[in-house]
Amino acid sequence: MSSVLSPPPASPEQAIAHFAAKLAYETDVSDVHTDLEAGTPGPVVAITYCWGPGCNGATRAALEFARLGYQVKEMIGGYEYGVREGFLARIVNGLRPRQVDDLTAVPTGVACGC
């Protein structure tokens, strides 16, 4: 018996509902970066994040913001993945980009279509 197919996958309709709902609660570092760089107006302040995916502080913060009546999304990957994707990182001397981690970001000049 297949480990992947047991239990069987959801129907396409169930999958659409699941993934659409998931995107209502989450964003990622690339989307946040793109909106900030473009000056896109929106509720960026209510996005919560941790250092990395092993931390649930962002989930706890999002819960508290929601309890206070704010619309909120959790930024998956956290600060760690923003740094790994080469976005600016705060260091002692200010802000600077870090080297892109090939395991988490698409190399320059290559498009992933995501």
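How many bridges join β2 to strand β3, and how do the two run? 2 bridges join them, and the strands run parallel.

## The model

This is a predicted model, where local features need pLDDT of at least 70, side-chain atom pairs count only at pLDDT 80 or more, and totals for chains, interfaces and linings use all residues. Residues are numbered from 1 along each chain as its sequence is written, and side-chain values use heavy atoms, without hydrogens and water.

## The sheet

Three strands make an open sheet in the order β1-β3-β2, with parallel pairing. Its edge strands, β1 (26–28) and β2 (47–48), each pair on one side only. Strand β3 covers residues 73–76. In β3, Lys73 stands opposite Ile47. Helix α2 (residues 29–38) packs on the sheet and touches β1, β2 and β3. Its direction makes about 70 degrees with that of β1.

Strands (E, at least two residues) and helices (H or I, at least four) are DSSP runs, numbered from the N terminus. Strands pair if DSSP finds at least two bridges between them. Touching means heavy atoms within 4.5 Å. Axes are lines fitted to C-alpha atoms, for helices over the stretch in contact; angles run from 0 to 180 degrees between N-to-C directions.

## The salt bridges

The whole structure has 2 salt bridges (a side-chain nitrogen of Lys or Arg within 4 Å of a carboxyl oxygen of Asp or Glu). Arg67 pairs with Glu64, with the closest N and O atoms 2.8 Å apart. Both lie in helix α3 (residues 57–67), 3 residues apart, so about one helical turn separates them.

Glu80 and Arg84 form a salt bridge at 2.9 Å, N to O. They sit 4 residues apart in helix α4 (residues 78–84).
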